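Subject: Structure for you to look at

Hello,

Here is the structure I said I would pass on. My notes follow below it.

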Amino acid sequence: MKLWESFYKFLKSTKLAVVLILYLAITSALSTLVPQGKDPAFYKIKFSPVLAMLIESTSFHSFFKSPWFLIPLAVFSVTLLTCTVDRLARRLKSGMKKRFGPDIIHIGVLVLMVGGLIRVYGRTEKMVYLGEGESTRLADGYEILLTSFEYLQYEDGRPKDWYSRVTVLQNDFPLTTFTIEVNKPLRVGKQKLYQSSYQQDSTADLRDPYGQIITVRAGDYYMRDEGSIIVFRRVEAVPGSGFVDSDNRCPKEGYAVFEELASPTGGKGHGLKAVHKVAISDKIDEYTVEKVCTWNRTGLQIVEDRSVSTVIVAFILIGMGVSLTFIQKIRENEA
Amino acid sequence: MISTIAFCLLIAAIILQIIYLFRNIRGPDPFSHFFILAAGLLLFTAIIERSVKINFVAITNTYESLVFFSGAIAIVIFVYRLRNKGRALPFMVFGGTVTAVILLALTSSPVSGKEIMPPIPALQSYWLVLHVSFAFVGEAFFAFSFVAAIYFLFAKDEEKKKRLDRIVYTSIGIGYPIYTAGALIFGAVWAQNAWGSYWSWDPKETWALITWLVYTGYLHTRLVKKWRGKMTALLSIIGFVFTIFTFFGVNYLLAGLHSYG
């Protein structure tokens, strides 16, 4: 019984809570010095071999998922729970002033931790890139069809906005249309779609020596000779030259950009040997560039996170607790 | 231009305060807080002027944040001086004004970027406005507590020490809930809305949490453990050093989502 009592006393001690807070603060601060969640190769390049080994062996590269963080956090949550229950019980029993603000904050922090736990197991996310007219399947028979994508830029070239206009379908039946923007996500069933990024797609029409048109996409390649590979990378349009098509995808003047890489059979790996910018009507080897086209694909982040509602409750509790404490303190000072 | 006038007013306030401090006149000078108020209002006018130009609330980069932060500190000093009338501690007003001037002087640094630029898509959110403005108002109180804590460490008179300890506690008591709402809650809501993730352990988030933990530690040691004096003053100083590191250090030393401001 005595052992249990002293253990209970230890758990609810402010000293333990402060030591844990200090530990979590110091180790979290140290973790910001090491970029988190990168490949092992990254740390081998960035740090000395000893340090890289130390980072990997201690899981410091994913500190917030490591036992160094999670175990003290678990102990802290037990301490906080014990403190909260003990404090509440004492206040309710005795005739002490009913100052429940700090208790509500503590409960809020505990709920927040529960939210964090739910997030570990209840969150999924995936990234999809869609071109106009393309669609992707979601959970519960939903489907998203991209009807148009617009990328607006400021005059200095910085992004102004991305508009992804989508139609939501369920079992192939259109339900609604919506424009997804950054800060304006779309909820579809349990999932939410966020405007996250974009990708540029390019094609080039090449005429071969026999007069045949071959359409190549970014990443397509051919062997030039034993020493090199030619890879089609992207299209560079000449600004203001106009377009040959009604969708404004294929500029009248522009370049197909190819990279010449050392062939692996040459024994030197895939090193970059040269970059060739080939204008429309010009040739690369025996191929004539006939037409180049470029367009953007929207990057949508599809997120399902079951912890959000718990976290919102936690925020409301913390907000309420903080406000209540603040108001009570002001009243006490005025009295 | 408006910020420059505000800067001059703050310098004029400092000169006036120094004259009074050196002449050993008891109590604060009767005018400088009006200069400080005018400077604070001008700094907020500068924010409004920039906001009109970019058609959004202009607290989206380091320059604008510094102007807002400095303006908020100026208003906190004025309120302190007004509430305490002749009993206000002259060194508190002086220290607060110096802090506001230092922050404003940093706007001239090349790294703060004065250009008026409309925000990138992620920053076009009113949650961001709440996040930044509440965080800086909270931090303005932390700055005031920092001045009081420094003053506490050098003060000899016990009565004065008691008053300074009270100022540290009151400033943190007011700043803490505002900072909690702004830096942590509104920040998380904004991140959820913009990226679908309310917390990413980004260096700036982590340091904002560490700062919050330090002030949480301060409140617990003072209220539960009944600590007073040197230790709590030191905690308050550490808290403000972390506040400043979260604002500047993380931007320039550690890479992350918040590298714009």
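The largest nonpolar core has 114 residues. A nonpolar core here is a set of buried Ala, Val, Leu, Ile, Met, Phe, Trp, Tyr and Cys residues joined through C-beta atoms within 7 Å. A residue is buried if 20 or more other C-beta atoms lie within 10 Å of its own, exposed if 12 or fewer, and partly exposed in between, with C-beta atoms placed from the backbone. The residues with the most contacts inside this core are B:Leu10, B:Ala39, B:Ile73, B:Ala140, B:Ala148 and B:Val168. Helix H6 (residues 158-195) of chain B gives the largest share of the core, 19 residues. Apart from this core lies another, of 15 residues, including A:Leu206, A:Val235, A:Ala237 and A:Tyr287.

Leaving out residues up to four places away in sequence, B:Val168 touches B:Ser145, B:Ala148, B:Ala149, B:Phe152, B:Thr232, B:Ala233 and B:Ser236. Contact means that the C-beta atoms of two residues, placed from the backbone, lie within 7 Å.

Some points on conventions. This is a predicted model, in which local features need pLDDT of at least 70 and side-chain atom pairs count only at pLDDT 80 or more, while totals for chains, interfaces and linings use all residues. Residues are numbered from 1 along each chain as its sequence is written, and chains are lettered from A and ligands numbered from 1 in the order in which they are written. Helices (H or I, at least four residues) and strands (E, at least two) are DSSP runs, numbered from the N terminus.

The average pLDDT (the predictor's confidence in each residue, from 0 to 100) of chain A is 89, and 96% of its residues score at least 70. Within chain A, confidence is lowest in H1(A), with a mean of 84, and highest in strand S6 (residues 186-188), at 95.

Chain A has an open sheet of four strands in the order S2-S3-S4-S5, with antiparallel pairing. Two strands pair if DSSP finds at least two bridges between them. Strands S2 (135-137) and S5 (173-180) of chain A are at the edges, and each pairs on one side only. Strands S3 (residues 142-153) and S4 (residues 159-170) of chain A pair in the antiparallel sense over 11 bridges, and A:Leu146 stands opposite A:Val166 in S4(A).

Another open sheet of four strands in chain A runs S9-S10-S11-S12, again with antiparallel pairing. Its edges are strands S9 (221-223) and S12 (272-279), each with a single partner strand, so one side of each has no neighbour in the sheet. S9(A) pairs with strand S10 (residues 228-237) of chain A over three bridges; A:Met223 has A:Ile229 as its bridge partner in S10(A).

Helix H5 (residues 67-93) of chain A has 27 residues and reaches 38 Å from its first C-alpha to its last, close to the expected 39 Å, where the expected span is 1.5 Å times one less than the number of residues. Its buried residues are A:Phe69, A:Thr79 and A:Cys83. They pack against helices H1 (2-11), H2 (14-31) and H6 (101-122) of chain A.

A:Thr58 lies in the loop between helix H4 (49-57) and H5 of chain A. A:Thr58 is exposed because it has 12 other C-beta atoms within 10 Å.

Finally, the interface: 32 residues of chain A are in contact with 32 residues of chain B. H7(A) gives the largest share of the side of chain A that touches chain B, nine residues.

Regards
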